[in-house]
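I opened this notebook page to record what I looked up in one structure. The entries follow in the order in which I made them.

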Amino acid sequence: MLVRWLKSYKIEELIDVDKISDGTSWFVKDSALKIVPKALDRRPGMLKESYAGYQPLDLPPFQKYGLKEDVKMASLMKAIATYLTEVVKRNPNSFRIFSPDEFESNKLDGVFDATIRQFQWDPETSAPGGRVIEMLSEHTLQGFLQGYLLTGRHGLFPSYEAFIGIVTTMIEQYAKFRKVAQETKWREPVASLNYIVTSTLWRQEHNGFSHQNPGLIGNLLTLPRHMTRIYLPPDANCAVSVMAHCLNSKDYVNLIVGSKADTPCFLTVDEAEKHCIAGLSVWRKYSTEDGVNPDVVLVGIGVEVTVEIIAAAKLLQGEGVRVRVVNVVDLMTLGEPGSHPHALSPEAFNGIFGEDLPVVINFHGYPQHVQSLLFSRNQSLGRKRFEILGYIEEGTTTTPWSMLRLNQADRFTISERAIGLIATKKPNSATAARAAELQGWFRHQNRLQERYVLENGADSEEVSAPVV
């Protein structure tokens, strides 16, 4: 049976068995080599496009696409779509968007002002040059994107946050390949793998628990650190800045996490540029006296969770607590020095978070992912000065703000935890003396909001109104 199976390949049609045995002659038959181009530079492995085809995009300055200061609310995805529209216009033959369905739902459909979808099986859209490839097959599009990048071009992969995990293994294998390729002299850089995840867990009030999964962040943290970039822009101006930066980068795996809903515009274009370059910063205008001599540091990493940080800062300041508000747009800045090119030095870290200040972090994803970044720093989590809040697998079909409350990432929980940390650090302070009163009040406010939702089927004006 084995012999019959092996003979079924008809290897004798490809090689001369007698020449193999003498070990001195070329044994592949000429008939088998007809498909190989005679010119060396036409053979697939010798084509320049396969190892040195990278050409940079013609990118417009992101500042031109920032929002004016009088705009108070905006969708990050719509702002990105406006920028991508110009990218498509300037790069009609070297940039594509690979979208596994829901392109319009993800609020990126503004790109259709400059292009169309590309469907090979539809006579009306068969190879007309459309730059959006949309099909409900994540792994197929991931393969398309990898091939597109490896031949010198550029691409973007937007997805619902919950379903990007379908291609996690493919991302990991590609990253390993690119790591080795960087160590190979004849392979030149290629454009980065760029991902946007939106329709995030915090705004799945209509789809529910099944659509709540921020796990890709953790998967990317396991990749070679020098190749990984994880960005959580807090508003539209920051999102456009990050998008422009990612499209200009090479040999990275870039992840952008952002909301498609209208959210507050915290920063001007100039402020956003400085903030994104630094990766994180103290937001002085939302802090007490520019953040000097705070009782507690409040940190937002993500969109909706940063909204709650700003709201909590106002609540605490109203009770006489001095607050420093910090936002992190580049997650890798928190890592151990030397573990990542963007990791803060000990001096810079202490300048932001202090050496012994209480810190409450409100994170978009799983708290343990931030814990893993901070663990190796001298500011050990074992000292109990860090409280990290985030998604703890509590979800259902509910109101937007209720998702935050259910996962203990809301403004009242943040305020309660902040009071507890301050009381522990400064047991003789005025805040410590009122700790029981204040913490009870904040817990009571959460119960009132829960009751309001159950009775009215919507969030109250108190928690749904804009914070800026």
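Predicted model: local features only at pLDDT ≥ 70, side-chain atom pairs only at ≥ 80, totals over all residues.

Entry on aromatic pairs. I recorded 16 aromatic pairs in the structure. Tryptophan 5 is partly exposed, at 49% relative accessible area, whereas tyrosine 9 counts as exposed, at 55%. I next examined tryptophan 283 and tyrosine 286, whose pair is tilted, with 5.7 Å from centre to centre and 50 degrees between the planes. Both tryptophan 283 and tyrosine 286 are buried.

Entry on a charge over a ring. I located arginine 229 over the face of tyrosine 252, 3.8 Å from the ring centre.

Entry on helix H7. I checked the length of H7, residues 236-247: its 12 residues, at 1.5 Å a residue, should span 16 Å, and the end C-alpha atoms are 17 Å apart, which agrees. I noted that aspartate 235 caps the N-terminal end of H7. In this cap, a side-chain oxygen of aspartate 235 lies 3.5 Å from the backbone nitrogen of asparagine 237. How many residues of H7 are buried? I recorded 11 of the 12, so that H7 is mostly covered. Among them are Asn237, Cys238, Met243 and Leu247.

Conventions:
Residues numbered from 1 in each chain as written. Heavy atoms only, no water. Helix = DSSP H or I, 4+ residues; strand = E, 2+ residues; numbered from the N terminus. Expected span 1.5 Å × (residues − 1). Buried < 20%, exposed > 50% of the residue type's maximum accessible area, 1.4 Å probe, protein only. Polar contact = N/O pair within 3.5 Å; in protein donor to acceptor, adjacent residues only side chain to side chain. Phe/Tyr/Trp six-rings, centres within 6.5 Å; stacked < 30°, edge-to-face > 60°. Lys NZ or Arg CZ within 6 Å of the ring centre and 35° of its normal.
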